[in-house]
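Please keep the sequence and the 3D view at hand while reading.

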Amino acid sequence: MTFLSISQALASAQTLGLGRLDAQLLLLHALGKPDTERAWLVAHDADALAEPAAEAFGRFSLRRAAGEPLAYIVGYKEFFGLRFRVDSRVLVPRPDTETLVQWALDVAQDFAAPNMLDLGTGSGAVAVAIAHSAKTSVTATDFSADALAVASQNARQLGADVQFVHSHWFDKVSSHYHVIASNPPYIASADPHLAALTHEPLNALAAGADGLDDIRHIIERAPHHLLPGGWLLLEHGYDQAAAVSVLLAGRGFAQVQSRTDLAGIARCSGGRWDN
């Protein structure tokens, strides 16, 4: 059919297995309308779709049905009240990671002029959200030049003062910090859940047999880059809080603790370096 009504287009997407919200957001994207106009779709459900919009919506729906993240299709993701540009070069920011950002902002208040580092920045979501909220400069690293290109664009567009360093974890980092935050890969390499994440970069997801290889590396080296009383804060998997806490305590961190996400799951663990 050359011209579909809005209601027919949404119904056709649902036959592909798309949820109503995803279908509505994709249709608004095809129409060039903001994602706040869902009520407009309801009020105009009998309106005909022009052929270009119908064709675009069909393409978007097939991509979503094949498992591609909605954020990659529409080109953005909301995180910590900010809109980040994302594509297949970076992970899609998750709401769970807002726990890490808030914790970093909380501990940063203990320092008059906090010096802060985000390891493995990806889209820049953590670093930009911290810099934007705290009105401070943040340093961010990533091993992927492609990811740094995305993160740099986000920092510019959102007016955040972030200094980017092309580095594998601490390799090119020479300064010392009050707060080091990281959302590193933490999925076990054989975890069956990876099959549902094939559209996202694998090197930003998996970290060895138990998913803790990168976390071990960061915990081991972080004290060399922390100022006295500085904090290391790490996001991890839903069932890894105990293991990460043991690693932190074993390295000599004090006040080791975890914070829960909105679902009540221990999502981040960290400790203070007092040595």
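The model is a predicted one, in which local features need pLDDT of at least 70 and side-chain atom pairs count only at pLDDT 80 or more, while totals for chains, interfaces and linings use all residues. Residues are numbered from 1 along each chain as its sequence is written, and side-chain values use heavy atoms, with hydrogens and water left out.

Leu247 lies in helix H10. Helices (H or I, at least four residues) and strands (E, at least two) are DSSP runs, numbered from the N terminus. With neighbours within four places in sequence left aside, Leu247 is in contact with Ile215, Arg216 and Ile219, where contact means heavy atoms within 4.5 Å. Arg216 is 31 residues from Leu247 in sequence, and their C-alpha atoms are 7.1 Å apart in space.

## Helices H9 and H10

Helix H9 covers residues 213–221 and helix H10 covers residues 241–251; their axes come within 9 Å and cross at roughly 25 degrees. Axes are lines fitted to C-alpha atoms, for helices over the stretch in contact, and angles run from 0 to 180 degrees between N-to-C directions. H9 and H10 are therefore roughly parallel to each other. Angles under 35 degrees count as roughly parallel, over 145 as roughly antiparallel, 65 to 115 as roughly perpendicular and the rest as oblique.

The crossing of H9 with H10 is right-handed. A crossing is right-handed if the near helix is turned clockwise from the far one by less than a right angle, and left-handed if anticlockwise. On the H9 side the meeting residues are Ile215, Arg216, Ile219 and Glu220, and on the H10 side Val244, Leu247, Leu248 and Arg251. The residues of this contact comprise five nonpolar, no polar and three charged. Here Ala, Val, Leu, Ile, Met, Phe, Trp, Tyr, Cys and Pro count as nonpolar, Asp, Glu, Lys and Arg as charged, and the others, Gly among them, as polar.

## Helices H1 and H2

The axes of helix H1 (residues 6–15) and H2 also come within 9 Å, with a crossing angle of roughly 130 degrees. That angle makes H1 oblique to H2. Their crossing is right-handed. Ile6, Leu10, Ala13 and Gln14 of H1 meet Arg20, Ala23, Gln24 and Leu27 of H2. By type, the residues of the contact of H1 with H2 are five nonpolar, two polar and one charged.

Leu28 is also placed in H2, which spans residues 20–31. Its relative accessible area is 0%, so Leu28 is buried. Not counting residues up to four places away in sequence, Leu28 touches Lys33, Pro34, Asp35, Glu37, Arg38 and Leu41. Between the C-alpha atoms of Leu28 and Val246, 218 residues apart along the chain, the separation is 47 Å.

## The largest nonpolar core

In soluble globular proteins, nonpolar side chains tend to be buried together. The largest nonpolar core in this model has 29 residues, and those with the most contacts inside it are Val101, Met116, Val128, Ile130, Val162, Val179 and Leu233. Such a core is a set of buried Ala, Val, Leu, Ile, Met, Phe, Trp, Tyr and Cys residues joined through side-chain atoms within 4.5 Å. At least two residues of this core come from each of S2, helix H6 (98–108), H7, S4, strand S6 (177–182) and strand S7 (226–235).

Val162 touches Ala127, Val128, Ala131, Val138, Ala140 and Ala155, with residues up to four places away in sequence not counted. In H6, eight of the 11 residues are buried, so H6 is largely enclosed by the rest of the structure. Among the buried residues of H6 are Leu100, Val101 and Trp103.

## Two residues with positive phi

Most residues other than glycine have a negative phi. Phe80, which is not a glycine, has a positive phi of about 55 degrees. Phe80 is in the loop between strand S1 (76–79) and strand S2 (82–85), and at 22% relative accessibility it counts as partly exposed.

Lys135 also has a positive phi, near 50 degrees. Its loop runs between helix H7 (125–134) and strand S4 (138–142). At 68% relative accessibility, Lys135 counts as exposed.

Methods. Buried < 20%, exposed > 50% of the residue type's maximum accessible area, 1.4 Å probe, protein only.
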